[in-house]
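Hi,

Here is the structure I promised to pass along. Have a look at it first, and then read on for what turned up.

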Amino acid sequence: MASVTTAPAATGLPESHGDGAHATSTGLSNAKVAMWAFLGSECLLFGALISTYLLYRGRSLPGTPRPRDVYDIPYTSVSSFVLLMSSLTMVLALAAIQRDEHHRARTWLLTTALLGSVFVGGQAYEFTVFYREGLRLQTNLFGSSFFVLTGFHGAHVTIGVLMLLSLFGLSARGRLPKERAETVELVGLYWHFVDVVWIVIFTLIYLIPS
Amino acid sequence: MTATDTHEHPDQRHAHPTDRQYVAVALVLAAITAGEVSVYYIKSLPHPLLIGLLCAMAFTKFTLVALWFMHLRFDSVIFRRLFVAGLALAAGVYLIFLTSLHVWE
């Protein structure tokens, strides 16, 4: 059965952002709609994890490590800055591929993956330091909620790095033309979302004292 | 280079930020992050003011990334609604949850 496609102007619906999107009845790319719906649902996941941390804050057993005993704010600030700058390189990669500048796009994609890896590596180091200071998943409520929250975020960043490296590989083999820029845009949306979640975590978990 | 690059499609016209504008937004984000860390070290600040300042700066950073880097400022309003719906639902549900458990006391 042939699909019915109506011009956005005729339906009064918003227009598609464009590049590479299939014609749909809404004029919007289905993949982008799905990605935004997914990101909306991810807000609930991270909301639950952050709320659990806030609920348990200050309720750990006396004599066990507390946030102010283990947090290293200058170190985490640098990690936050690295992740923030990876959002810039990601958007520059998208802009480059939309202009058909593939070499530049690959450079920015690789830079973004590198910055993401630095962030994840920094998080792994932070976890190791906390472990040596006696804070483990089962030590107290702070340890449980902290490791689960930041571990989930780190897993998201790791998945993002793998997607970025896949994009780099596709581009290097010439399988990521300008017409498929939306693929980069979708990965970019996921990447920026991971960044905005860290903006919230950095403030609520690290900077606001209990 | 003009203020914005314009990509034209047969029946539409959307302005995209230039690389320079993206870098400007990133510099603002970096400055706000530096502000957050500086505020954290001002020990004389009253607790409610500290929390207010940190939340305001985090909100500003969140909004800048969503509007400029995620293109919500330029894209269809439907995407904005989808994201804000999830965000508002999460904020509402968990604020009620935490309030009912007296977390703010």
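Let's start with where the two chains meet: 40 residues of chain A are in contact with 41 residues of chain B. Keep in mind as you look that this is a predicted model.

On chain A, the elements that give two or more residues to the side touching chain B are helix 2 (30-56), helix 4 (73-98) and helix 7 (181-207). Helix 2 of chain A makes the largest share of that side, with 13 residues. If you sort the chain A side by class, you get 26 nonpolar, eleven polar and three charged residues.

In chain A, take a look at Asp100(A). Its phi is positive, about 70°, although Asp100(A) is not a glycine. You'll find Asp100(A) in the loop between helix 4 and helix 5 (102-132) of chain A. Is Asp100(A) buried or exposed? Asp100(A) counts as exposed, because it has 12 C-beta neighbours inside 10 Å, and the cut-off for exposed is 12 or fewer.

In chain B, the one to check is His71(B), another residue other than glycine with a positive phi, here near 65°. His71(B) sits in the loop between helix 2 (47-69) and helix 3 (77-100) of chain B. His71(B) has 23 other C-beta atoms within 10 Å, so it is buried; the cut-off for that is 20 or more.

So both residues are in loops, but Asp100(A) is exposed while His71(B) is buried.

Cheers

Key:
Residues numbered from 1 in each chain as written. Chains lettered and ligands numbered in written order. Predicted model: local features only at pLDDT ≥ 70, side-chain atom pairs only at ≥ 80, totals over all residues. Contact = placed C-beta atoms within 7 Å. Helix = DSSP H or I, 4+ residues; strand = E, 2+ residues; numbered from the N terminus. Nonpolar A, V, L, I, M, F, W, Y, C, P; charged D, E, K, R; others polar.
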